[in-house]
Every structure is written in C-alpha cells, then in structure tokens.
Amino acid sequence: MAKELYNLAEQPPLGVVPPKMHAWLIRPERFGTPTEAFQQEVVDVPPIADDEVLVYVMAAGINYNNVWAGLGIPVNVIGSRNKAFAKGEQGEPEPFHIGGSDASGIVYKVGKDVTNVKVGDEVVMHCGQYSRDCEWVKSGGDPMYSPTYRIWGYETNWGSFAQFTKVQAQQCMPKPKHMTWEEASAYTLVAATAWRMLHGWGVNAVKKGDVVLIWGGAGGLGSMAIQIAKAAGAIPIAIVSGEDKFDYCMKLGAKGCINRNEFDHWGMLPHWKDNAGYAKWLKGVRAFGAKIWDVLGEKRAPNIIFEHPGETTIPTSIFVCDTGGMVVVCAGTTGYNATVDLRYLWMRQKRLQGSHFANTEQSNQMNELAVSGLLDPCLSRAFPYTDIPHVHQLMYENKHPHGNMAVLVGAREFGLGASGKAPVAIVHPTLPKGDVHTTPRPYPLSAPLPSIAEAEAITIADDGTRVKDLMHRGIIACAPADTVGQVAKIMVDNEIHAVVVMDGGKAVGVVSQTDMVLARQGRTPEQARAMRASDVMTPGCATCDAGILLSEAVSLMTGRRMHRLVVTENGQPTGVISMTDVVRKIIGE
Ligand code: NAP
C-alpha cells in the first residue's frame, strides 16, 4: 500500500506510485525572478494516458527555458495552456507549471499501449512531445513538423522538477550505465539538438572529413557538437571567448580553437552600398577566415557552420561557409535579425538551415553515442534539489558556468547511479576554474512565434492620433535629373533629412542623408556633386495614408528601419511624417 507522500530521500518501492509528490512549482501570481517564481509544493501525481509513462525522477537537467517560464515572458506558459484547454484545443488545465526538460530516472508506471519500456527500466528522456493521433505523424511525417509538437517541461506541464514526471513513452531512452544520475540528466536536450543540426539535413549532413565550425564550443550545445562531429569523422573547429577554454574544447575533440575576442567585425552587416563600412567588415571577416585556415592547417572553408548566437555572427558564418555548405541555426541568442549578403548565398549556393530540437529517431541515434561512451555529458555543476531556484537565479544573473548543469531529485547523493563501465573510455574534460558566462541570457529554446505570442501580446493603449494630425504638409522635392549638389543644398537649406524625388507628379524615390554620404565614398566632392539624384536615390517611396493611426506609421518605419514616410491623400503625395515628429509628440516637447 503506497504512502500518501514520500520524502525526497525516500524512494517508494519500485512500481508503487503515491497519490502525492513533492515538486517545484511556478504559479502566475508569483511570476518574477527565479527565487520568487519557484516554490516547493506538494501536488497530486498526474494520471497517465495509454501511451504515457510515469518516471520517478532521479536527477533533472537545467536549461534557460524555466527562467523564462518563471518570469512569465515572453509567454505566460500557464495561461496559454489553460486558454487552449478551455477552448478544447491542445492545452492543460492546471494553474501551475512544473518545469524541467531533461531527466534521468526509473520507470514506475506505463500506459497500456507502451511497449518500449517497462517498470524498473532506467531511462533518460528527450523533451519532444507530439500527439500520436496527429495525421501528419500517422502518415510518417517528421514529428518535428507536427502542429502538436511541444517541448516537455516548458511548453507542457509535468516536467522533471518533481518526484514524478509524466512523459510519452517515445521520449524514454536507455540511460547510459556508466553515467551517474546527474550526468545522465544533463546532456539529452543539447546533444539531441546538436545531433539533428549536424545529421538531420540531407546532403549537408556531417560526413567524414568535413570541417565543422562550432560557435560557443564550451557551451551546452557546442560541447556536444564537437563530440558529435568528431564521432562522425569530421574536423571540429571551436570558437570561444577566451583561450582559457581552448584546452577544454581540444579535449572534447576540436582540431583547433579560435578566440572570438581577437576580432571585432561582429554585428549586423554594414549596408552593401556603404563601401567604406563594407570594406572594413570584409577585412575583419577575411582575417577571421584566415584564422580558420591557420588553426586547421590547410586552406579549406568549413562545410558546416554550427550556429546559435544569431544576429551578431550570421554574416560571418555565411561568408566563411564553403560553396555548397550549410549554416545550420537553432537559436538567435544575440538577436533575431540575421543579415545576409545574398550574393554569397546564391553565388556560392550555400544553405541557411533552421533546426529545432530533434525527433525521436534522432534523439535515439544521439543516445546510442552516449551509451557507447563516446559522448561526455559535459556536466559542469550539479546541485541539490533545494537549489532549483538558486541555479535558475545563477542563469538569470549570468553567473553560471559553461557546460551543462543538473540537480538531484530522487538521488540521495551526488555520484550515484553508475552501474557499469563505458564500452569506450574518453577523456572527461573540466572547464577552467571559476568559469562563468560573459554573454547575455539566451531567449527561450522555443521562441514564441508571433502567432503564439499574439495570445499573450501586451495591449498598447493608442491615443488615437492620426498621421494627418502631425504630418508636415507639402513635399520638399527634387527632380531625377537634379544634381546631388542641388539636392544637398535643398536638404541643408530646409534642415531636412531626405528629399523626395518626384517625376511627373509621382514620388519615384528618396535621397536621404545616408544616400548622400554613401555617394561621396570613393569620389571627390566635385564628382559626388555632379551625380544625378536618380543615381544615388533609394528607388521607390515608402508611403502611408494620412488617415492611418500614428502608431501604424511608427510600425511601418521601424519595420523598414526608416525615419520618415511620404504621406498620401487620395493616392497623391501631400506631406511627410518623420520619427522626429513622433519623438516630439511622445516625449512631449
Ligand atoms: P550556452 O551553454 O550558454 O552556450 C552558448 C555559447 O555561445 C556561450 O558559451 C558563448 O561562448 C557563446 N556565445 C555567446 N554570445 C556569443 C556571441 N555574441 N558571439 C559568439 N558566441 C557567443 O547555451 P547553449 O545551451 O549552448 O544554447 C545556445 C542557444 O541555443 C541558446 O539560445 C538556447 O536557448 C538555444 N537552444 C536551442 C535549442 C533548439 O532546439 N532550438 C536547443 C538548445 C539550445 P563563448 O563566450 O565562449 O564564445
């Protein structure tokens, strides 16, 4: 007969499931920093469906998602699930969230359709859930593309920060016998993601001899990517932010390492018309490319670039990638606006491929590598159960070490759970002493796409101001054949930032201050002055109707990174609205 509730250190007899369990819960009423958001509570053990499994959690892996879940941004995961449930869609009714998307543990109960595991099996779990009834999945489609796909313990409830977790049977994989509970709980999410990125993309899948450039080689994903690339016979090159991490990456299997702090060409691409800026960027990125050759010992471009920093590194990744090669990206840690010089993409026929977590088959392929001993979990630190808020707080404050972290749940002490030797022994590298992250916190693993975010979007109160209330009437214009010298005079005399180019009553382009400055590059002032407006203008003209809301005009400008719009009435240009006007109004001059 099961007790009502077992203490954490007291493992229930195998297969005995008590009605209640200890868990760390996030509730909407305490959304905030991790130490506020997480609280220990006792809740009912959840019932399982026919294709589900109840696992007694021995240890749980940590990742950034539950920092976001606790903050309640960018998505209130509890509210979204509750709303979906109320509408009869795929959701969950509980008014709380139990996070945790990585775990090791023991199977305690199985649904009647489960055949791949039985009570008593020691397992690790991947975090991909999907409905077996989804038509796409039933027809043999990759479950990663199913609309029912969810990340367990972030997009779903009943994650691993509890004595029992509810998972789908297909999530369960054999625990590597040579690993402790905490080691086994730490690698699956990052390693399976890295596996799909490297093995999942057809002709560009990693193969023997490929050069693979890996961002963040000492990080969670990067440390797995180095090992997976090496196991495939490829040549990993790791990029890190300091030489103190070189040894770690080399021990994992990197052929060489690059310190990204030796370069400063990061960030969005300069404008392609900006000769001087582009030339400087090219110099930086070429030096970076030369460094790759240097550490590689031969003049070869990487076949695969393993990307996740995103905004600041994508231009470099696309540039250094080999002809026909692939930049594969699973995150935008530094931002989502990746700029791409399309000339390199199409002329050299490179592929920019998005990738998200992994399907069941890929997770199992990855796990075979772990079971065989060829994948070190790169556990940097393990914590006791009581530290779940603290370890998330460390991540929130960016004070956590590189590598992967875990917490004990059912395991009574650190170092338990290994029941055999690894078939293959590899070096177990350690990170530099005192190592902590120096970079900002990543956005959630599952970034809310606008359609999801809409449900929780912040409502902006609009005061109803229309463009016509604020616009400047009349258009200061020039003709296409006017010289740049004439246009510059109009600009300076009127103290404006752009001149509209009118041709036969139609606005055909805009000469902005930026166009002027770019026209001067590589030319004498006389040569620049003699050019025609039509040669330097940005063709086309961004317009808005005088009747639209000012807030809509702001969205048009921010979306196109512009500072002004030509205003039309009855289809005819009649004035201009600029960001300066908006600033004046909203700051209250
Ligand atoms: P991590 O352990 O924090 O490692 C990321 C590494 O990136 C850092 O160690 C850092 O290494 C490097 N980095 C940070 N800022 C950089 C910059 N500006 N330029 C170049 N490198 C930079 O994180 P992770 O677990 O590897 O995850 C990385 C990202 O992938 C996160 O955004 C995470 O949410 C996402 N992710 C996505 C999926 C998915 O399925 N879509 C799965 C797992 C993770 P150095 O400072 O040494 O360079």
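**Ground rules.** I am working with a predicted model, where local features need pLDDT of at least 70, side-chain atom pairs count only at pLDDT 80 or more, and totals for chains, interfaces and linings use all residues. Residues are numbered from 1 along each chain as its sequence is written, and side-chain values use heavy atoms, with hydrogens and water left out.

**Entry 1, the four-stranded sheet.** I looked up the strand order and found β18-β25-β24-β23, an open sheet with mixed pairing. Its edge strands, each pairing on one side only, are β18 (472–473) and β23 (543–545). For my own reference, strands (E, at least two residues) and helices (H or I, at least four) are DSSP runs numbered from the N terminus, and two strands pair if DSSP finds at least two bridges between them. I then followed β18 to β25 (residues 572–578): they pair in the antiparallel sense over two bridges. R473 has G575 of β25 as its bridge partner.

Helix α20 (residues 550–559) lies across β23, β24 (564–569) and β25, and runs at about 130 degrees to β24. Axes here are lines fitted to C-alpha atoms, for helices over the stretch in contact, with angles from 0 to 180 degrees between N-to-C directions; contact means heavy atoms within 4.5 Å.

I traced β16, helix α13 (residues 388–396) and β17, which make a right-handed unit: with the strands pointing away from the viewer, the path from the first strand over the helix to the second runs clockwise. Strands β16 (residues 379–383) and β17 (residues 404–408) pair in the parallel sense over four bridges, and L379 stands opposite N404.

I found T165 in strand β8 (residues 164–168). T165 is buried, at 0% relative accessible area (buried is under 20%, exposed over 50%, partly exposed in between, 1.4 Å probe, protein chains only). Its side chain reaches the backbone oxygen of W158 at 2.6 Å. Beyond neighbours within four places in sequence, the contacts of T165 include V53, M125, W152 and W158.

C172 is buried at 5% relative accessibility, and C321 is buried at 3%.

Definitions and conventions: Polar contact = N/O pair within 3.5 Å; in protein donor to acceptor, adjacent residues only side chain to side chain.
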